[in-house]
Amino acid sequence: MNRLMGSLFLLFAIGVMAQDEVAQTGVPARLEVINGKVVKALLQQQNGSNITFQIFKSDQDITVDQSKIKSLTFYPKYDAEAVVTNFNAGDYAAVLAKLGPVMEPYRDYMAVSNNMQSALCMLVDAYRESGDFSNVWNVAETLISTGNPGLVLQGQVNLALAALADGDFQTSEKIHGEVESEAAGLYLQACMQRAQGEPKKAIKTITRVIAEHGNDVEWLAPSEWLGAQLYLDMAMTNSAANTARQVMNIYAGTHISGDAAKLYNQLQPTDHD
Amino acid sequence: MLTEKFWIHAVARTAFIIGALMGFNPVCLAVSDDEPTPAVLLNEAIQSMEAGQFEDAAATMYIYLDMVGESQALRVIAIAQDIRFKLASILIQTGRFDEAAAVLQEYIDQPLAEHPRQAMKLLSTCLFEGEDYAGCVTSVTNAFYYNDHPVVIAQKVTKGDDDDKEEDGSKFENEEPEPEYTQDELILLHLTLGESYFALSKWTECIEPFTFVIEHTPSEQRKGYAIMQVINALIQIPDFGRITEWIPQLYRTTARFDIRVNLALMNAAAALYDAGEYDSALPLYRMILPRDELIAYQNGRLRQLRIDAGLPPVEGMKMSEGEILLFGEADEREATEEEKAGDTGLLVDKPKELVELENLIIALKNLPPYETDIDYRMAQLYRAVKRYWEALKFFDIVYAVDPSSEIGERAIYELVGILLDHVDELVEAEQRGCDYMSHYKEGITPRQIAYMLTGYYQQHETMPPIKTLLPYIDGFVRTNDATIAKYDTELYYMQAVADLILLNYEAAEKGFKRVLDEFPGSHQEGNALYWYGMSKLFLQKYAAALPDFEQYIRRFASGSWVDEAGFQGGICLFGLEKYDEAFERFSHVINTYPDSSIFPEACSMRGDIYGSKGLLDEAIADYETAIANAVKPSQATYAVFQMAAVYEAEDRYGEIIRCVESYLETWEAEADIAKALFWIGKTKIQQELIDEAVATYLGAIVKYGTDVRQDGVDMMIAELVKISVVWLDTAAQTKLRDDLQAALEASDDLTLTLRLRVAQAKLDKTEIELGKKLLNELPDLEHASPPVLAVLCDASFEMKDYTRAEELLRIFIIKFEDSDYMRAAYKLRGFGQYAEKDYEGVLQTIEEAQELYGTDHDVAWAQLMKAQVLLDLGRIDEARAANMSILSVPAWRGAPVAQATYQLGLVEEKNGDPRKAFGFYQRAYFQYKGHAGGYWAAEAYLASARCLKKMGLENDRRNTYRAMLFDPYVNTLPQTAEAREALGAVEVAEIEALMDAGAKTNITIVVETGEGE
């Protein structure tokens, strides 16, 4: 009897625990507060500068100013390594397919430092490379809203490039004026000049990035890649091929290298030539 | 678990060692009374060591080891090994690496070493520091092996004299083993091994240990350095493919700020560049940091190292209390001179890493600035891979740093070259080049830039801009430097060539003379001499050109122009009418240079001379040879049509057709088709196939009339007009006009349109009107062919407007030298010069015109004007002779003779002989009143009246006026106004009434003139 009662009690207890777990919803995250304290949390919502969350196994909402949160660690269920590989191989469709849906729950929390921020940057690049500019606008605005200087810059550049793709020079010019990084600003300027059919002006601008920001890898790589495309615009095929080859080699392992490789191979004479 | 027995032995051994160190003499050694015992020595050594007297300690330890070296006692061996280890440490500390290595090696080789791993590590360091890299490799390799396979040698020690019992070494087996190398020690050993292999040039072998360092070291500096060494090794192997894999890794480390890495980067990048591995070299060049940036970074690091070492952040700086609290008590006192290194002035007694960094910073500061060199290499690299815009940017950066430096000069030269040859930015190239040349006038670079621009213009056949360079070239500072002089020669030579191509023959003549005068003996002397002669030849200065060609042949007998010079000499002789000498010269060229490109021309010229002598068969033979050997269409063209003219003279029209058709077949599109059709048409006329001839001409005019230089078309226009007048009836003439109008309406080409309008005007005899219209219509004369220009000349002449006379004649001479239409331009020019009283000029023009056209009917004006000019110049006899010569030329009968007769009267009048003059005037109005509309007769009447007045024959004078008014050839001309005025209105009315009544005058004035005496 006692054994039976004990078993029933255990079953009840398990049932209660199961009921508690099912009841709690939100975005699971490891939350580190600025004082170093770490909690397992389920993020409920982001509203203005506040984030509301529940501590694991507690249904009480806690709302704090997001500036009090040092970082968030999310637990997305996707093969991050495979996505990076796809991205660097220039397989943007695969990136969007794998990363797009996964990213959705986390986008509201990008103002806080977290482990999905670099993935979001990858996502916006993938949208841009795929020509899906409406989503570029969408993600870029999220990046800008984070206030993180690096992410803001990524957002601004992508936003400006999306505007350019729409032929909206006014907007791209406005964003260009707001960009704080000189190298990024020059890169954007070159993109605008190219869009306005002035490849010589554009490549002159690109040479400024190379000469004046030769160690700014973040903007040097896209600038050099743009240089290769500009040479092609000017019908300087050999120069375009050589630039593409150098971009391919120097930035090996990056998506820009992958894109450059495609152009380089395309410009190689075939057996029929 | 340690055994009890071991503990007993261990404690005993420790006690023994401590005892020894404390000065006890536990071992009964055989020592003499005078010498200190080993125990004493041991004690002294320890005391010296503790007192920091390392030299003394080391010396004592050596004596001790020497004294106990032969001992077989286990305890003595153990003590000796311990002393060896201590001795090695002291020796390392005092920089005596070779000695330390020997001691350590003995320590390792002997039994009972407690720290074999450490000893091997220290030995490796000693050997490396002593630059015994091979030994170091062995030592490190042994260390690794030992680390993985440690052995504790249980050695049976032979009982010696000093030992009272046998000891079993195995009792030490269970001692606490020496710990394996730590990760840091392994990294250090691998780095040492890699460096040793590297020093031994064992490039492949060094990669593995460096790779271990790269993979395991937590220090980014060390990792970067190891990567750099791997790259250097791969360059040496060489294995450039693998380098590319390493560069991104290096980029991600802070080793980029390492001075040694930067220096190595420069070498590696240069090696890769030289090997053509541009893709690998480029990122390396980019990684090289500017010197100032590097110094700033390293100073920051130095500051940190000093703080870590408990020193003030900056040497000599007084620390505040806060800083002392923060960084610790400063123990850096004022250094004495002895404590400072002589060469650097830095403190010697500092952590090694700190001293190394200080020395590196000093080396870096002493290094000449290298940034510009790096930028220049990058620019070269970009150019090599055809990234021209990047190359431009970097060359520009280099140039901006110091335009007058050697590297700055090279940069501007490269920059202009790329702008010209690769990115098609001519305007910027000109602007940059000219800007440079206007500021920097010395040395070779401005000359190279001028040369490059000149070459570009030549290549693109745009000669006028070449002349814009002359002011810059004139501004260059001359030197005796051979290379610079060569450039100057070349530049001035090319200036003259440009003048020649631009048909500025006078300027070309001066230019080539300049080269000859200012650069005697230059590499261009031969060429300049030849073209100097050619410039004169183009100006028809035959006498002046001949000596130049002769000189060329004499001085440059094997020169490239010697055959041409021979031929051109012949042309000069021909121009000087020395036909026999010219014949000889052409024959010489024909016989001497049968393979020369000038050979066909020589044959044609000799053919012309044969023709002029009436030796038509010989002429035809030479023309045939010329045609057969022609290498250029022009050579065949000339010979073919000269030959056609010979055949025409002999009425051999079939031959004309044969040779012209053969010519067309041979040269096809390159042939002068218009001229060929002209000859074919001409032949058809002779065969009375008029309609065919007209159709041929009209078709050819429309087809080829768009080319302003097709003089065959112009010949056809003249021929077409002639056919119309001579052969066509009214209906056919109307049809021809209609066809021309249709062609005109269908044409949108200005050159053809102008030609067709001229053809129409000629048919309608309205050339003057057309000429007047065209003078207003045409903004320039670029599209005007010779007949159009001739119409303009005629209209100008009609209007006595000589303002464009010089321009028109110049266009003919430059563009249409052989055109028959040029005679109109000579006439206009001659009259223009006469109007300006440019007597010298007009005589020159007359001479040229007469050389070209001789006594052709329409060139009588030249001789008449010549006589008039001579009279104006007071050269009476010459003027008289000039006028007299006209009277005997059959082609000039008519108006020219009337004018000449009148002018003879002027000559005599000016000579003060009115009577004689009256005789010529009277002949003029008696014999030639029907010519020139009575103009000269009227003039002669008035001149007669003037002479009669001079002679006081007033009645005769009035009779002359009366005769003039009765003369129906002249009495309506304007000149009669003078007669009417002299006679008065009443008498004039009477004369007119008589004339109306049909009366004729019988007035005759008889004066004894004496003419013809």
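Select Ile51(A) first: in β3(A) it is the bridge partner of Gln46(A). The model is a predicted one, in which local features need pLDDT of at least 70 and side-chain atom pairs count only at pLDDT 80 or more, while totals for chains, interfaces and linings use all residues. Residues are numbered from 1 along each chain as its sequence is written, and chains are lettered from A, with ligands numbered from 1, in the order in which they are written.

**The sheet of chain A**

Stay with β2(A) and strand β3 (residues 50–55) of chain A, which run antiparallel and are joined by six bridges; strands here are DSSP runs of E with at least two residues, helices are runs of H or I with at least four, and both are numbered from the N terminus. Two strands count as paired if DSSP finds at least two bridges between them. In the hairpin of β2(A) and β3(A), two residues lie between the strands, and Gly48(A) takes a positive phi near 60°.

Next, select strand β1 (residues 27–33) of chain A together with strand β2 (residues 38–47) of chain A, an antiparallel pair joined by six bridges. Pro28(A) has Leu42(A) as its bridge partner in β2(A), and in the hairpin of these two strands, with four residues between them, Gly36(A) has a positive phi near 100°. β1(A) is also joined to β5(A), again antiparallel, by five bridges, and there Glu32(A) stands opposite Ser71(A).

Now show the strands together: they form an open sheet of five in the order β4-β3-β2-β1-β5 (chain A), with antiparallel pairing. Its edge strands, each pairing on one side only, are β4 (61–65) and β5 (69–74) of chain A. From one strand to the next the twist averages 45°, where axes are lines fitted to C-alpha atoms (for helices over the stretch in contact) and angles run from 0 to 180 degrees between N-to-C directions.

**Where the chains touch**

Colour by chain and select the contact, which takes 15 residues from chain B and 16 residues from chain A; two residues are in contact if their C-beta atoms, placed from the backbone, lie within 7 Å. On the side of chain B that touches chain A, the elements giving two or more residues are α11 (240–251), α13 (278–287) and α18 (388–401) of chain B, and the largest share, six residues, comes from α18(B). By class, that side has eight nonpolar, one polar and six charged residues.

Of these elements, pick out α13(B): 10 of its 10 residues are buried, so α13(B) is largely enclosed by the rest of the structure. A residue is buried if 20 or more other C-beta atoms lie within 10 Å of its own, exposed if 12 or fewer, and partly exposed in between, with C-beta atoms placed from the backbone. Among the buried residues of α13(B) are Tyr278(B), Asp279(B), Arg286(B) and Met287(B).

**Through chain B**

Zoom to Ala119(B), in helix α6 (residues 116–129) of chain B, which counts as buried with 25 C-beta neighbours inside 10 Å. Leaving aside residues up to four places away in sequence, Ala119(B) touches Phe85(B), Leu104(B), Tyr107(B), Ile108(B) and Ala113(B).

Move on to helix α20 (residues 426–439) of chain B, whose 14 residues reach 20 Å from first C-alpha to last, close to the 20 Å expected at 1.5 Å a residue; the expected span is 1.5 Å times one less than the number of residues. The buried residues of α20(B) are Ala429(B), Gly433(B), Tyr436(B) and Met437(B). They cover an arc of only 95° around the axis, which puts them on the same side of α20(B); the arc is that of the directions from the helix axis to the C-beta atoms. Exposed on the other side of α20(B) are Val427(B), Asp435(B), Ser438(B) and His439(B), while α19 (406–421), α21 (445–459) and α23 (470–475) of chain B are included in what covers the buried residues.

**Backbone stops in the loops**

Select Pro238(B), in the loop between α10 (220–236) and α11 of chain B, where the peptide bond from Ile237(B) to Pro238(B) is cis, with omega near -10°. Ser201(B) has a positive phi of about 60° although it is not a glycine, and lies in the loop between α8 (183–199) and α9 (203–216) of chain B. Finish at Lys800(B), with phi near 55°, which lies in the loop between α40 (786–798) and α41 (805–815) of chain B and is exposed, with 10 other C-beta atoms within 10 Å.

Definitions and conventions: Ala, Val, Leu, Ile, Met, Phe, Trp, Tyr, Cys and Pro count as nonpolar, Asp, Glu, Lys and Arg as charged, and the others, Gly among them, as polar.
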